[in-house]
Amino acid sequence: MKPFYITTAIDYVNGSPHLGHAYEKVLTDVIARFRRQMGDRVHFLTGVDEHGQKVQKSAKARGITPQAYADEVSAEFRALLPKLNISNNDFIRTTEERHKKVVRQVLQQLHDQGEIYQAEYQGFYSGRQEQFLQDKDRNPDGSWPEIYGEVTEITETNYFFKLRGYQQWLVDFLTQNENFIFPRFRQKQVLEFLKEPLNDLCISRPRERLEWGIPLPFDAGYVTYVWFDALLNYYSAVADQPGLWPAAWHVIGKDILVPPHAVYWPIMLHAAKLPLPHGLLVHGWWLQGGAKMSKSTGNALNPLDLIAEFGADAFRYFVIREMNVGQDSDFTREQFLVRYNSELANNLGNLVNRTLNMTTRFGAGAIPVAGAPAEAEQELQALWTRTRDEVLPLCEGFQFHSAIERTMGFITATNAYIERRAPWKLGKSSEPADQELLRTSLATMAESLRLGVALLQAVMPAAADRINSVLGYRPGPSWMNELTWDGRLAGCKVAEALVLFPRPQPAAKAPAKP
RNA sequence: GCCAGAGUAGCUCAGUGGUAGAGCAGAGGACUCAUAAGCCUUUGGUCGCCGGUUCAAUCCCGGCCUCUGGCACCA
């Protein structure tokens, strides 16, 4: 089996999970599930980034140890995964020994190779904020904002990683591998960024200022800079699992593309003589009312509330259906309800329910054997073939929103097919030809539903299982083998009814426009 | 300022050198298996602005306007 290793960014444990975190997990999970269905040997990693100044500071403010603080927030992130039905194979914390060991090894190796040197850094330091400041932090008149307290210029000795020497190599690599970053315009952005000369990367923090980190193996007076530590998680988690690295895709948000994932990470790997991952998949942000969501403005939407109200599948469906991977998207409850009602409740959910009802009522609760397909059946089957052949490449190219759109078009066509056959009329006739057509139509709608649902399996795994279950059907081990139109449902005993996506409110019609 | 993305029906978006499409919302209709769901029909647009190339541009070129994001080492 072809290995397929996929990661999310690891979340920084300095704040609670929000919609953006949830989206990234779901997107990565959909890709992971899809690749498993396609027969790949998938390894899906997610985790948390636990070191650094902010964690140390937050812990201190709470009067607990950094580890205790990290334990607490990490548990919160970890608890989100089962709620979203995330199928990760592993969960890494950067405070785990397996990770720290690899970080030390890589640092030592780079040091031995002469890629790391010591030098003085000079800059303006805010004692109150415990951080160095940049010119951009200044007020327009050149003074420092009040929040920084007293700012002094200090000189500090630190260790630096020779990034600059690899700049041309990176430009060449990206030029030759134009699909390294998806979507492609992000890759152009990185090349644009690389037109400016790189500076070497400071990878150490003196221990007097920061204790919460991995000590440098060659100088115990320093801990490792948090990005250098964090990025290595992708490799440290699988370093002892042959065959996985470098079959990796990193799913990240656009905010951490440049410079960490597009510059530091490739250069770190290359300098350490490790192969580069297959690629970076860069997603956009969820906005609310056109504004970036943030806790400070109080518009951060808690995904857990929506999951509690509508279920994980509906949440997963919405974020994957609504967002074109790579672009930004707006998230509103209204928009969520529109998709939920029209696509999940009315189109798909109702198709499930009416199929069960009609099979129970006109087919004695078992899916009949279909007769020879007439024009209506042939058209629907032809549409299925087209839909399947379009959806698979779309999913392989991360175009899940389009894949769902096509699949929903097929569900709509199935509803239209039912109207065309009108089994409720056929059920009133005792003519043998009508009875034959009735059996065919019941079998056809069930088969069509089974197939449509198979295409939604990765996005809504629980709903897909549920629908197969009420159809009295258990899919085989090979997903690809499920995608053929045939008579495998004949004889399956169906449930009487199922309201899979209940409407949240009694059909409140929006006021008409003038 | 530089770079990138985007400006198309009320909303969200697709699209092609030959006088524009989908879904949702709105309107009308026939039906009743179903979560007043589904199905059929239908009303909406001088495709951001100004020039140019062309027999012909929403799609190509130039300029402009507006929106969004990035422009680092955040120690």
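Predicted model: local features only at pLDDT ≥ 70, side-chain atom pairs only at ≥ 80, totals over all residues.
Let us start with helix 3, which runs over residues 66–83. Helix 3 has 18 residues, and from its first C-alpha to its last it reaches 26 Å, which is close to the 26 Å expected at 1.5 Å a residue. Which residues of helix 3 are buried? They are Tyr 69, Ala 70, Val 73, Ser 74, Phe 77, Leu 80 and Leu 81. If you look down the axis of helix 3, these buried residues fall within an arc of 125 degrees, so they line one face of the helix. As for what covers them, the list includes strand 2, helix 1, strand 3, helix 2, strand 4 and helix 10.

Two of those buried residues, Ala 70 and Ser 74, turn up again when we turn to Glu 50, because both are among the residues in contact with Glu 50. Glu 50 itself sits in the loop between strand 3 and helix 2. Is Glu 50 buried or exposed? Its relative accessibility is 0%, and therefore Glu 50 counts as buried. If we leave aside its neighbours within four places in sequence, its contacts also include Val 13, Val 55, Gln 67, Arg 93, Thr 94, Thr 95 and Trp 212.

With a relative accessibility of 28%, Asn 85 counts as partly exposed. Lys 273 also has a positive phi, near 60 degrees, and its place is in the loop between helix 9 and strand 14. At 65% relative accessibility, however, Lys 273 counts as exposed.

Where do we find cis peptide bonds? One joins Phe 182 and Pro 183, with omega at about -5 degrees, and Pro 183 lies in the loop between strand 8 and helix 6. Another joins Val 258 and Pro 259, with omega at about 0 degrees, and here the proline, Pro 259, is placed in helix 9.

Finally, we come to RNA strand B, which has 47 residues around it, and of these Tyr 121, Gln 131, Asn 199, Arg 205 and Arg 209 come nearest. The residues of this surface divide into 24 nonpolar, 11 polar and 12 charged. What do the RNA atoms within 4 Å of the protein belong to? For 65% of them the answer is sugar or phosphate, and the rest belong to bases.

Let me point out some individual contacts. A backbone N or O atom of Pro 197 lies 2.6 Å from a base nitrogen of RNA strand B. The largest share, 11 residues, comes from helix 12.

Key
Residues numbered from 1 in each chain as written. Chains lettered and ligands numbered in written order. Heavy atoms only, no water. Helix = DSSP H or I, 4+ residues; strand = E, 2+ residues; numbered from the N terminus. Buried < 20%, exposed > 50% of the residue type's maximum accessible area, 1.4 Å probe, protein only. Near = heavy atom within 4 Å. Polar contact = N/O pair within 3.5 Å; in protein donor to acceptor, adjacent residues only side chain to side chain. Nonpolar A, V, L, I, M, F, W, Y, C, P; charged D, E, K, R; others polar. Expected span 1.5 Å × (residues − 1). Arc of directions from axis to C-beta. Contact = heavy atoms within 4.5 Å.
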